[in-house]
Amino acid sequence: MKLPGQEEFEVSSACENVPTGELDNGTGSGPSPDSPSDIDRGELGVPKDPLLFIQLNELLGWPQALEWRETGRWVLFEEKLEVGAGRWSVPHVPTLALPSLQKLRSLLAEGLVLLDCPAQSFLELVEQVTRVDSLSPELRGQLQALLLQRPQHLIQPTGTRPCQGSAHPREASHSEEAPLKEQRQNPLRRKLPPGAEAGAVLAGELGFLGQPLGAFVRLRDPVVLGPLTEVPLPSRFFCLLLGPSTLGKGYHEMGRAMAILLSDPQFQWSVRRASNLHDLLAALDAFLEEVTVLPPGRWDPTARIAPPKCLPSQHKRILSQLKEVQGPSARHGALAEDRYGHQPQLHSPELQRTGRLFGGLIQDVRRKASWYPSDFLDALHPQCFSAVLYIYLATVTNAITFGGMLGEATSGAQGVLESFLGTAVAGAAFCLMAGQPLTILSSTGPVLVFERLLFSFSRDYNLDYLPFRLWVGIWVATFCLALVATEASVLVRYFTRFTEEGFCALISLIFIYDAVGKMLSLTSAYPIQRPGYPAYGCFCQYPDLGGNESQWMRTEPKDRDDISSLDLGLVNASLLPPPECARRGGRPRGPSCHAVPDIAFFSLLLFLTSFLLAMALKHVKTSRFFPSGVRKVLGDFSSVLAMLLGCGLDSFLGLATPKLTVPSEFKPTLPGRGWLVSPFGTNPWWLSVAAALPALLLSILIFMDQQITAVILNRAEYKLRKGAGFHLDLFCVAVLMVLMSALGLPWYVSATVISLAHMDSLRRESRACALGEPRSFLGIREQRLTGLVVFILTGTSIFLAPVLKFIPMPVLYGIFLYMGVAAISSIQFTKRIQLLFMPAKQQPDLLLLRHVPLSRVHLFTAIQLACLGLLWIIKSTPAAIIFPLMLLGLVGVRKALERVFSPQELLWLDELMPEKERSIPEKGLEPEYSLSGDSEDVSPRWALSGEAGRGGESPFVQESSLKSNLSIKPEDLINTIIPLRSSLTQVH
């Protein structure tokens, strides 16, 4: 079993049999992760096989000059030789005609099959495959000489990049040593993982053969067969398909069929373990049963099907074969998978009650302690550097924005300095102690709303705000510790996708609203002046003939912005620009003489540039432009590059745009107070007890805000390996509430948008080891160091004012907008809103639309929109004091939806609540599989399997009961198929 975060491709033990002298140390250089099929087999407990590279060499030139030429190659997808262009085609999904498979089966059934052949060289292999009775000694000698002829490979010259090199790469030389040298220099080697093996298929028409000749060989020990393949890999399989001349491309298509069979993971796995001809034919029959036929005349056979974004799960095919050969008795052992092709997500051990006080907290500490050293070692990766820059800028922007808003809401009782200091202290402490260190603590919109209400209440009743706030914080910590002690965090099981999406959409909209609002507020600070407006105009005043300046008849206008209120009288005035006026000895007079109207427009330009560039660079990662390494760098550093470009534009034009303001002195914002808050101040003693009432509401808000974010971050689709820590995280927040209240610093909880951005910047993806294979999502780089460094840098930002003061605020607002848009666009709720405006024929093929009527989907979306609108209205009105209760009400609304929607509909639209998971009938539908982890649809955490509506026993499968109830072990699933297939073949 691989350790979490380990991406290296595990070398199979089969490679130990490769002769050491024939391969250098550079073979397949570079780590490569598991392919999707490898991951599936690992989940089944089946040992993984080496990646197989298949090459088709075709015999051409009959009857004049016979030669072997490589015309196709496969890893997962097919590449064809484009002779005229002198290049390989783009990888594509192979297609072939059914007759070629049928002819291949007949040829193999009558031909030579050697399994575990002991040949140690290509010469020995040729001698064995030509030992057939149908060949005379003379024909055998001719055939052996022909097979030993070196094939022609199309190899890209060394040191030449495909995008810059010659359009016609040279072919391999015929000299003795050059082919092996060029094989080693083949760039394709770097794309294949260590331990990869080769399979060679030789096909063609040979006039001197009287009847077809077919041979299939599986070598006992993989051996490098000289220049047979373009890459010097040890060969495991060898197939020979020759025969007399026929009409069409009979042997060419049979060779392609054999290569396509070997590129199929299931066929390859079966053939590696086949013991006789019947096993080989059974594997081919199993492949034929799964073949999809395209009707003639309904598609273009010359069209090339692009590879899917993500390969489907392979062990669904294994289980379907097991069901067929074992019958209904195998259905109880069927693994229920979700729409991502993974096993169903169960409630993690963190959400199981222990029945002891602080039992969940103790388990979290024990669970996370074993990972603590790796939490720092796993951060030693360049990707973490880009994540630090990205999240640091986002955190600083958030601290400044919320610090300014908090200063306005509390009349200076707290400000930007407190925001910086609190973010640094709380965030660093949380990253060191928390159960989920990927979480970023920050001020959030809901907590800011409560702070504003608390200050308004204190001001209206003449209370000392900070002491009152201290007792509220103490009571909140007490309530949160009680929740930790009673393991109340297990209630997050009731936070389904309905609640999570509503909360995430609310926070994202707050980010978008604040970013746009702050940007528009700059037009007030830097007004846009237009001709004809009263404030437009600047006059040049000249002195009179006596040397005195002309006097204004009314020197103090009623409104400084109203130029019409000025009575110029008989004065020497003109409309010269201020510099020209001063050069001619005049004095500029007027409200707009020193205004710079370009600032507002340029600030808007910087705002849109940073936002659009960050979005564009983020999508470069999945585009066709640039090499994969360049795309990855541009995608990882998208926000940083967007910010640098914005700063460069601002510096180039030199306009006085508003810049980042960082406190330069380390002292509280409120004059006259120290860093420690007095417990009572001027408040009566009983207020410390009365503070429990608002603290109760704030506790609900803190619990919902913290735990909903924790549930979102710990979802199964992120493939976190080190587990969550719901109890430990809430405990840390409770302790920090007391500390922040005592120091008069803002309160902090998990910030949904920034935390999601943090995780997105730490995504681990596979290196595409196979030609045409897309990158697969491997998980998140789980560690503590990026968050810790971010908050340390945030604390030191007070002393980096000379550098940070050059960052324009519109650029930071653009990054703020980017984070909000990126977060809200990633949830299923947004995609279902888009369906409201799409005609039915234009809607994407979402899996939920296959199982839920469109009207029911729209009804569910409308209910979510109504809840979101109600939350926004309450947040923006004086009734915001009940905002925490409204967040809790989302769970109640979701519970009420069970009376409106059936369990099957909720399974696809949302998730099932714990009671429904236990009480749902043991029959239902089996969800189909999505081809991508990034699918537009979202998977249910549970899957219904069996015969819906037929009354048969079809258990609601859980992983915990699966392994104990299976009648056979997972590694025996595939082993059961081959003998049964063989017996069926023998019967036929």
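Me: Buried means under 20% relative accessible area, and exposed means over 50%. With that in hand, which residues of helix α10 are buried?

Reply: This is a predicted model. In helix α10, residues 359–369, the buried ones are Gly 359, Gly 360, Leu 361, Asp 364, Arg 367 and Lys 368.

Me: What covers the buried residues of α10?

Reply: The cover includes α15 (465–485) and α23 (726–743).

Me: Zoom out. How many helices and strands in the chain?

Reply: There are 35 helices and 15 strands. The chain has 988 residues, and 52% of them count as buried. As for contacts between residues at least 6 apart in sequence, 78% join residues at least 24 apart.

Me: On to the open sheet. What's the strand order?

Reply: The order is β4-β3-β2-β1-β6-β8-β7-β5. That makes eight strands, with mixed pairing.

Me: Which strands stand at the edges?

Reply: β4 (87–88) and β5 (112–117). Each has a single partner strand, so one side of each lacks a neighbour in the sheet.

Me: How do β1 and β2 run, parallel or antiparallel?

Reply: Antiparallel. Seven bridges join β1 (residues 52–60) to β2 (residues 67–74). In that pair, Asn 57 stands opposite Glu 70 of β2.

Me: And β1 with β6, parallel or antiparallel?

Reply: Parallel, over eight bridges. Leu 59 has Gly 204 in β6 as its bridge partner. β6 also pairs with β8, in the parallel sense and over eight bridges. There, Gly 199 stands opposite Phe 237 in β8.

Me: How many β6 residues are buried?

Reply: Eight of its nine residues. The strand spans residues 197–205 and is mostly covered.

Me: Which strands does helix α3 lie across?

Reply: β5, β7 (213–223) and β8 (235–243). Helix α3 is residues 122–129 and runs at about 145° to β5.

Me: Back to β5. What's the phi of Asp 116?

Reply: Near 60°, a positive value in a residue other than glycine. Asp 116 lies in strand β5. At 42% relative accessibility, Asp 116 counts as partly exposed, because that value falls between the 20% and 50% cut-offs.

Me: What about Asn 462, where is that found?

Reply: In the loop between α14 (445–460) and α15. Asn 462 counts as exposed, at 70% relative accessibility.

Me: New topic. At what angle do α7 and α8 pack?

Reply: About 170°, with their axes 9 Å apart. That makes α7 roughly antiparallel to α8.

Me: Which residues make the contact?

Reply: Phe 267, Ser 270 and Val 271 come from α7. Leu 280, Ala 283 and Leu 284 come from α8. By class, the contact has five nonpolar residues, one polar and no charged ones.

Me: Last one, the largest nonpolar core. Which residues touch the most other members?

Reply: Val 472, Leu 698 and Met 819, out of 147 residues in the core. Helix α12 (residues 382–409) gives the most to this core, with 14 residues.

Me: What does Met 819 touch?

Reply: Leaving out residues up to four places away in sequence, Met 819 touches Tyr 390, Ala 394, Phe 511, Val 753, Ile 754 and Ala 757.

Me: Which residues does the second core include?

Reply: Val 201, Ala 203, Leu 241 and Ala 257 are among its 28 residues. That core is separate.

How values were computed
Residues numbered from 1 in each chain as written. Predicted model: local features only at pLDDT ≥ 70, side-chain atom pairs only at ≥ 80, totals over all residues. Heavy atoms only, no water. Pairing = 2+ DSSP bridges. Helix = DSSP H or I, 4+ residues; strand = E, 2+ residues; numbered from the N terminus. Contact = heavy atoms within 4.5 Å. Axes fitted to C-alpha atoms, helices over the stretch in contact; angles between N-to-C directions. Parallel < 35°, antiparallel > 145°, perpendicular 65-115°, else oblique. Nonpolar A, V, L, I, M, F, W, Y, C, P; charged D, E, K, R; others polar. Core = buried A, V, L, I, M, F, W, Y, C linked by side-chain atoms within 4.5 Å. Buried < 20%, exposed > 50% of the residue type's maximum accessible area, 1.4 Å probe, protein only.
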